[in-house]
Amino acid sequence: GRVGWILAGLDAHGQLKCEALQPQFLCIDAARLPAAARPWLGPWQWAVLDVLTPGEARDLARRGLHWIHTPRVRAMARELGVARAPRPAVTTADAG
(Lines give C-alpha, C1' and ligand atoms only; values in the text may rest on other atoms or scores of the structure.)
Protein backbone atom coordinates (compact mmCIF):
# COMPACT_ATOMS: atom_id res chain seq x y z
CA GLY A 1 0.00 0.00 0.00
CA ARG A 2 0.86 3.62 -0.14
CA VAL A 3 2.11 5.51 2.88
CA GLY A 4 1.62 9.20 3.58
CA TRP A 5 2.72 11.31 6.48
CA ILE A 6 1.14 14.56 7.67
CA LEU A 7 3.91 16.81 8.96
CA ALA A 8 3.50 19.32 11.79
CA GLY A 9 6.28 21.45 10.30
CA LEU A 10 9.57 21.40 8.44
CA ASP A 11 12.35 20.66 10.88
CA ALA A 12 15.60 18.69 10.63
CA HIS A 13 14.32 15.87 12.85
CA GLY A 14 11.23 15.38 10.68
CA GLN A 15 13.36 15.39 7.56
CA LEU A 16 15.60 12.65 8.97
CA LYS A 17 12.54 10.53 9.77
CA CYS A 18 11.20 11.00 6.23
CA GLU A 19 14.53 10.02 4.72
CA ALA A 20 14.59 6.86 6.88
CA LEU A 21 10.94 5.84 6.35
CA GLN A 22 10.57 7.03 2.73
CA PRO A 23 6.78 7.52 2.58
CA GLN A 24 5.20 7.97 -0.85
CA PHE A 25 3.50 11.22 0.21
CA LEU A 26 4.35 14.06 2.57
CA CYS A 27 1.48 16.35 3.54
CA ILE A 28 1.63 19.71 5.28
CA ASP A 29 -0.97 22.33 6.04
CA ALA A 30 -0.49 25.49 3.97
CA ALA A 31 -0.44 27.58 7.17
CA ARG A 32 2.54 25.55 8.48
CA LEU A 33 4.61 25.85 5.31
CA PRO A 34 6.99 28.83 5.45
CA ALA A 35 6.59 31.15 2.45
CA ALA A 36 10.12 30.66 1.14
CA ALA A 37 10.49 26.99 2.05
CA ARG A 38 11.59 24.56 -0.63
CA PRO A 39 10.32 21.00 -0.27
CA TRP A 40 12.75 18.33 0.86
CA LEU A 41 13.98 16.24 -2.01
CA GLY A 42 13.25 12.53 -1.89
CA PRO A 43 11.23 9.75 -3.49
CA TRP A 44 7.96 11.19 -2.14
CA GLN A 45 5.40 13.56 -3.57
CA TRP A 46 4.26 16.61 -1.64
CA ALA A 47 0.65 17.57 -0.89
CA VAL A 48 -0.27 20.91 0.67
CA LEU A 49 -3.53 20.98 2.60
CA ASP A 50 -6.09 23.80 2.77
CA VAL A 51 -4.88 25.89 -0.16
CA LEU A 52 -7.41 28.71 -0.58
CA THR A 53 -6.35 30.87 -3.52
CA PRO A 54 -5.22 30.28 -7.12
CA GLY A 55 -2.15 32.44 -6.50
CA GLU A 56 -1.14 30.21 -3.61
CA ALA A 57 -1.66 27.09 -5.77
CA ARG A 58 0.52 28.52 -8.56
CA ASP A 59 3.25 29.51 -6.10
CA LEU A 60 3.30 26.02 -4.59
CA ALA A 61 3.61 24.45 -8.05
CA ARG A 62 6.54 26.76 -8.89
CA ARG A 63 8.22 25.67 -5.66
CA GLY A 64 8.02 21.99 -6.62
CA LEU A 65 5.05 20.90 -4.52
CA HIS A 66 2.99 18.33 -6.42
CA TRP A 67 -0.57 18.30 -5.05
CA ILE A 68 -2.97 20.62 -3.29
CA HIS A 69 -6.06 20.03 -1.21
CA THR A 70 -8.66 22.77 -1.19
CA PRO A 71 -12.11 23.07 0.33
CA ARG A 72 -12.90 25.26 -2.73
CA VAL A 73 -12.66 22.64 -5.51
CA ARG A 74 -15.18 24.13 -7.95
CA ALA A 75 -14.23 27.75 -7.32
CA MET A 76 -10.50 26.98 -7.55
CA ALA A 77 -10.96 25.12 -10.85
CA ARG A 78 -13.01 28.00 -12.23
CA GLU A 79 -10.48 30.63 -11.08
CA LEU A 80 -7.55 28.63 -12.53
CA GLY A 81 -9.37 28.18 -15.83
CA VAL A 82 -9.68 24.42 -15.59
CA ALA A 83 -12.47 23.32 -17.92
CA ARG A 84 -13.87 20.84 -15.44
CA ALA A 85 -13.10 20.49 -11.75
CA PRO A 86 -11.34 17.21 -10.98
CA ARG A 87 -13.41 14.70 -9.12
CA PRO A 88 -12.16 14.67 -5.52
CA ALA A 89 -10.90 11.37 -4.15
CA VAL A 90 -12.59 12.19 -0.87
CA THR A 91 -15.75 14.25 -0.95
CA THR A 92 -15.80 17.35 1.24
CA ALA A 93 -18.16 20.29 1.36
CA ASP A 94 -17.37 22.86 -1.32
CA ALA A 95 -17.35 26.20 0.44
CA GLY A 96 -16.49 28.02 -2.83
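The following legends describe close-up views of a predicted model of one protein chain.

**View 1. The whole chain and its elements.** The protein chain holds three helices and four strands, where helices (H or I, at least four residues) and strands (E, at least two) are DSSP runs numbered from the N terminus. Along the sequence these elements follow the pattern β-α-β-β-α-β-α. Of the 96 residues in the protein chain, 29% are buried; buried means under 20% relative accessible area, exposed over 50%, and partly exposed in between, with a 1.4 Å probe and protein chains only. The accessible surface of the protein chain comes to about 6400 Å², and 58% of this surface belongs to carbon and sulfur atoms. Accessible areas come from the Shrake-Rupley method with a 1.4 Å probe, and for residues only the protein chains shown count as cover.

**View 2. The open sheet.** Four strands form an open sheet in the order β1-β2-β3-β4, with parallel pairing; two strands pair if DSSP finds at least two bridges between them. Strands β1 (4-7) and β4 (67-68) stand at the edges and have a single partner strand each, so one side of each is left without a neighbour in the sheet. Strand β3 (residues 45-49) pairs with β4 in the parallel sense over two bridges. Within this pairing, Ala-47 has Trp-67 of β4 as its bridge partner.

**View 3. Helix α1 on the sheet.** Helix α1 (residues 12-21) packs on the sheet and touches β1 and β2 (25-29); contact means heavy atoms within 4.5 Å. The direction of helix α1 makes about 180° with that of β1. Axes are lines fitted to C-alpha atoms, for helices over the stretch in contact, and angles run from 0 to 180 degrees between N-to-C directions.

View 4. Side chains of opposite charge can pair when their charged atoms come close. A salt bridge is a side-chain nitrogen of Lys or Arg within 4 Å of a carboxyl oxygen of Asp or Glu, and by this rule the count comes to two. Asp-59 forms one with Arg-63, with the closest N and O atoms 2.9 Å apart. Asp-59 is partly exposed, at 28% relative accessible area, whereas Arg-63 counts as buried at 11%.

**View 5. The salt bridge of Arg-72 and Glu-79.** Arg-72 forms a salt bridge with Glu-79, and the closest N and O atoms are 2.7 Å apart. Arg-72 is buried, with a relative accessible area of 19%, while Glu-79 is partly exposed at 40%.

**Notes to all views.** Residues are numbered from 1 along each chain as its sequence is written, and side-chain values use heavy atoms, with hydrogens and water left out. In this predicted model, local features need pLDDT of at least 70 and side-chain atom pairs count only at pLDDT 80 or more, while totals for chains, interfaces and linings use all residues.
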